[in-house]
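Could you take me around this structure, stop by stop? Please tell me what to select next and what is there.

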Amino acid sequence: MDTQEFIDFMKFKFKHNVLRAYLRYRNRVLIDLEKDALVKVATFLFKELNFRFIIATGLDNVKDLEITYHFSNDQTGLVANVRVRIPRKKPEVESLTPLFVAADWIEREMHELLGINFLNHPNMRSLLSGDNWGEGEYPYRKPIRE
């Protein structure tokens with residue numbers, strides 16, 4: 001399956017969950033996804049299309065919080081960036097740690113730095129701060145002007 005076929009396939013397979021999908025650069029595809037479909041899509045990428053989880057990155061874009069999960073299919077060289085947006089008022093999303101042990105530390109890091117709650121994470125204890133930051137203090141959150 002080439003890159004455009006992959007994009008079309010993901011749009012068709014998850015048509016109610018994919019907000020948009022497009023070629024970002026060469027073999028790198030960005031898929032904006034409804035956050036409630038994250039586990040379903042990650043499981044499909046891993047178990048059906050042989051993608052592996054690389055890492056995730058979190059960002060406060062002021063309007064909302066976003067996480068981009070990076071997956072790679074090493075046989076084809078295709079990289080899929082799956083991005084979900086999370087409302088600041090209820091910053092929670094299902095954890096991928098039950099599916100990928102490698103997601104454990106990065107989810108804990110994003111929890112401490114951005115205040116994102118990862119539902120069903122098996123070990124959401126402090127990783128970086130040693131509990132030195134106050135409750136509700138997230139160093140990577142941008143201040144909101146109202």
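With which side chain does the side chain of aspartate 32 make a polar contact at 2.6 Å? Select both residues and you will see that the partner is arginine 83. A polar contact here is a pair of N or O atoms within 3.5 Å; within protein, one must be able to donate a hydrogen and the other to accept it, and residues adjacent in sequence count only if both atoms are side-chain atoms.

A word on the model: it is predicted, so local features need pLDDT of at least 70 and side-chain atom pairs count only at pLDDT 80 or more, while totals for chains, interfaces and linings use all residues. Residues are numbered from 1 along each chain as its sequence is written, and side-chain values use heavy atoms, leaving out hydrogens and water.

Stay with aspartate 32, which sits in strand E2. Aspartate 32 is buried, with a relative accessible area of 6% (buried means under 20%, with a 1.4 Å probe and protein chains only).

Next, select helix H1, residues 3-13 (helices are DSSP runs of H or I, at least four residues; strands are runs of E, at least two). Thr3, Phe6, Ile7 and Met10 are buried here. At the start of H1, a side-chain oxygen of aspartate 2 comes to within 3.1 Å of the backbone nitrogen of glutamine 4.

Finally, show helix H2 (38-47). Phe6, Phe9, Met10 and Lys13 of H1 meet Val41, Phe44 and Leu45 of H2, where contact means heavy atoms within 4.5 Å.

How values were computed: Buried means under 20% relative accessible area, exposed over 50%, partly exposed in between (1.4 Å probe, protein chains only).
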